[in-house]
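I opened this notebook to keep track of what I looked up, one topic at a time. The entries follow the order in which I checked things.

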Amino acid sequence: MYKKQVKLQKLLCLALLIISALIFIYSLGIMTDLYDALYSTIRSASNLDRSTVTGSRVYYDMQDFNKLFLKLSIGMILLCVVLFITNTHNRRKYYIGNYCAIGLVAAGGVGLTVWAHGQIEAYKAQFLQINFEELAAHATKRKTLYTESTFWFDIHYVLFALLLIGIVLLIANAVWKCKLMKEEQALITSGKGAAA
């Protein structure tokens, strides 16, 4: 039974690290289409309301969010690395450091998800206020990207759902681990020995 559990915990730690890396890549790409489509519409960065396209200031409004999102996604990667530093990925018996690492990853992942979801949804709503007729005319005139797609806003549902599923499974795996450790201790105490 322990072999299955240890194999699952290794897969979960690796999966969470990969998902965190994907969130980091997402934080790098979320502004790509906005830059290509909206950057040239603002005439002066000192006056964001002076634009050839109504509502295009969303590109500038998202800058601070994007910088913080990038830093927090790096932080999430580092939290997942703590799982490996504490040997949570291959330890047969958990110690306090393993539980702390799992708690940090869970708290960080849930916190990042709640914060980022709220921010991304607010900026998506702001993006949808753009005058797309003006944007189409600007794109034709300047030969820039024209897009009404909310793909970069919507893909966060998939990424953060995967992160939350991974966290739930990691916690469930830790509960399973506790159960197995108690059963093993009971067998040792009763003098029967632990079954491998």
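In which helix is Asn173 found? I found Asn173 in helix α8, which covers residues 156–190. I noted that helices here are DSSP runs of H or I with at least four residues, and strands are runs of E with at least two, numbered from the N terminus.

Before going on, I wrote down that this is a predicted model, in which local features need pLDDT of at least 70 and side-chain atom pairs count only at pLDDT 80 or more, while totals for chains, interfaces and linings use all residues. Residues are numbered from 1 along each chain as its sequence is written, and side-chain values use heavy atoms, with hydrogens and water left out.

**Entry: Asn173**

I then listed the contacts of Asn173, where contact means heavy atoms within 4.5 Å. With neighbours within four places in sequence left aside, Asn173 is in contact with Gln5, Leu8, Gln9, Leu12 and Tyr94. For Leu8 I also noted the separation from Asn173, which is 165 residues along the chain and 7.6 Å between the C-alpha atoms.

**Entry: α1 with α4**

Two packed helices are described by the angle between their axes and the distance between the axes. The axes are lines fitted to C-alpha atoms, for helices over the stretch in contact, and the angles run from 0 to 180 degrees between N-to-C directions. Helix α1 (residues 2–29) packs with helix α4 (residues 63–85) at an angle of about 165°, and their axes are 9 Å apart. That makes α1 roughly antiparallel to α4, since angles over 145 degrees count as roughly antiparallel, those under 35 as roughly parallel, 65 to 115 as roughly perpendicular and the rest as oblique. I recorded the crossing of α1 and α4 as left-handed; this means that the near helix is turned anticlockwise from the far one by less than a right angle, whereas clockwise would be right-handed.

On the α1 side the contact includes Cys13, Leu14 and Phe24, and on the α4 side it includes Asn66, Phe69 and Phe84. The residues of this contact of α1 with α4 divide into 18 nonpolar, four polar and no charged. Here Ala, Val, Leu, Ile, Met, Phe, Trp, Tyr, Cys and Pro count as nonpolar, Asp, Glu, Lys and Arg as charged, and the others, Gly among them, as polar.

I next looked at Leu79, which lies in helix α4. With neighbours within four places in sequence left aside, Leu79 is in contact with Leu104, Val105 and Gly108. Leu79 and Leu16 are 63 residues apart in sequence, and 9.8 Å separates them in space, C-alpha to C-alpha.

The helices α4 and α5 pack at an angle of about 160°, with axes 10 Å apart. That makes α4 roughly antiparallel to α5, and α4 passes α5 in a left-handed crossing.

**Entry: α5 with α8**

For α5 and α8 I noted an angle of about 160° and axes 10 Å apart. The two helices α5 and α8 are therefore roughly antiparallel to each other, and α5 passes α8 in a left-handed crossing.

**Entry: salt bridges**

How many salt bridges does the count come to? The count comes to two, a salt bridge being a side-chain nitrogen of Lys or Arg within 4 Å of a carboxyl oxygen of Asp or Glu. In one of them the side chains of Arg57 and Asp61 meet at 3.2 Å, N to O. Arg57 is partly exposed at 29% relative accessible area, and Asp61 is partly exposed at 22%.

The side chains of Asp154 and Lys124 also meet in a salt bridge, at 2.6 Å, N to O. This pair links distant parts of the chain, with Asp154 in helix α7 and Lys124 in helix α5, 30 residues apart. Asp154 counts as partly exposed at 26% relative accessibility, whereas Lys124 is buried at 17%.

How values were computed. Buried means under 20% relative accessible area, exposed over 50%, partly exposed in between (1.4 Å probe, protein chains only).
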